[in-house]
Amino acid sequence: MFKILYIFFFALVVSNCSFKKVVKHHGVPFLEKKQKQLIIDQSTSNDVRKILGTPSTRSKFDNDVWIYIERKQTQSKLTNLGRMKIFKNDVLVLEIDNYGILKKKEFYNMEDMKKIKVVEDTTQATFARNSFIYDFMSSMRQKINDPLGVRAKKRKEISQR
């Protein structure tokens, strides 16, 4: 009886297992194929919306800059404890002029993004401990926390003992 139960349980577990990888998709599917349909100086913003949908990010400088993203992740091997691994990461940057005509198109895939160098310099904070602002703010904090100066008197008494 137990053998039949074990076989049934094993068959149930094996039948529910799937060997197909789980893929998480974010953004516009098939971005690389769809971007080939866009023609510079011919496509309009309505054509872009019809083909790609609304942009992931939009910014306004001299011209409109629309950014479309496609990202696919899957779980890595069992040795990495199921951490997600990016296997497709595409970005399309479109520049549209004031009349709604596509003026510039740049497509970046994972290999192109590895070549982009990011500046790692940081801006130093001008806020120093001996500045006027620091002194003013610390005295305000002290007055808010101890308006009657009771704590200062207690500290003074303890230090004199």
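The paragraphs below walk through this predicted model, from its strands to its core and its charged pairs. Because the model is predicted, local features need pLDDT of at least 70 and side-chain atom pairs count only at pLDDT 80 or more, while totals for chains, interfaces and linings use all residues. Residues are numbered from 1 along each chain as its sequence is written, and side-chain values use heavy atoms, with hydrogens and water left out.

Let us start with the strands. Helices (H or I, at least four residues) and strands (E, at least two) are DSSP runs, numbered from the N terminus, and two strands pair if DSSP finds at least two bridges between them. Strand 1 (residues 23–27) pairs with strand 3 in the antiparallel sense over 5 bridges, and here Lys24 stands opposite Gln73. Strand 2 (residues 57–60) also runs antiparallel to strand 3, with 4 bridges joining them; Ser59 faces Val65 in this pairing. Between strand 3 and strand 4 there are 12 bridges, again antiparallel, and Trp66 stands opposite Leu94.

From strand 4, follow the chain into strand 5 (residues 102–108), which is joined to strand 4 by 6 antiparallel bridges. The two strands form a hairpin with 5 residues between them, and Gly100 in the turn has a positive phi of about 85°. Ile96 has Leu102 in strand 5 as its bridge partner.

Now look inside. A nonpolar core is a set of buried Ala, Val, Leu, Ile, Met, Phe, Trp, Tyr and Cys residues joined through side-chain atoms within 4.5 Å. Buried means under 20% relative accessible area, exposed over 50%, and partly exposed in between (1.4 Å probe, protein chains only). The largest nonpolar core has 11 residues: Val28, Leu31, Leu38, Val48, Leu52, Trp66, Tyr68, Leu92, Leu94, Ile96 and Leu102. Helix 3 (45–52), strand 3 (64–75) and strand 4 (84–96) are the elements that give two or more residues to this core, and strand 4 gives the most, with 3 residues. In soluble globular proteins, nonpolar side chains tend to be buried together.

After the helix comes Gly53, whose phi is positive, near 90°.

The side chain of Glu70 makes a polar contact of 3.4 Å with that of His25. A polar contact is a pair of N or O atoms within 3.5 Å; within protein, one must be able to donate a hydrogen and the other to accept it, and residues adjacent in sequence count only if both atoms are side-chain atoms. Glu70, Lys88 and Asp90 are also linked in a network of salt bridges.

That brings us to the charged pairs. A salt bridge is a side-chain nitrogen of Lys or Arg within 4 Å of a carboxyl oxygen of Asp or Glu, and the whole structure holds 5 of them. One is between Asp41 and Lys103, at 3.1 Å from N to O. This pair links distant parts of the chain, 62 residues apart: Asp41 is in the loop between helix 2 and helix 3, and Lys103 is in strand 5. Asp41 is partly exposed at 49% relative accessibility, and Lys103 is partly exposed at 38%. Asp41 also has a positive phi of about 65°, although it is not a glycine.

Another salt bridge joins the side chains of Asp64 and Arg58 (3.3 Å, N to O). Here Asp64 is buried, at 13% relative accessibility, whereas Arg58 is partly exposed, at 48%.
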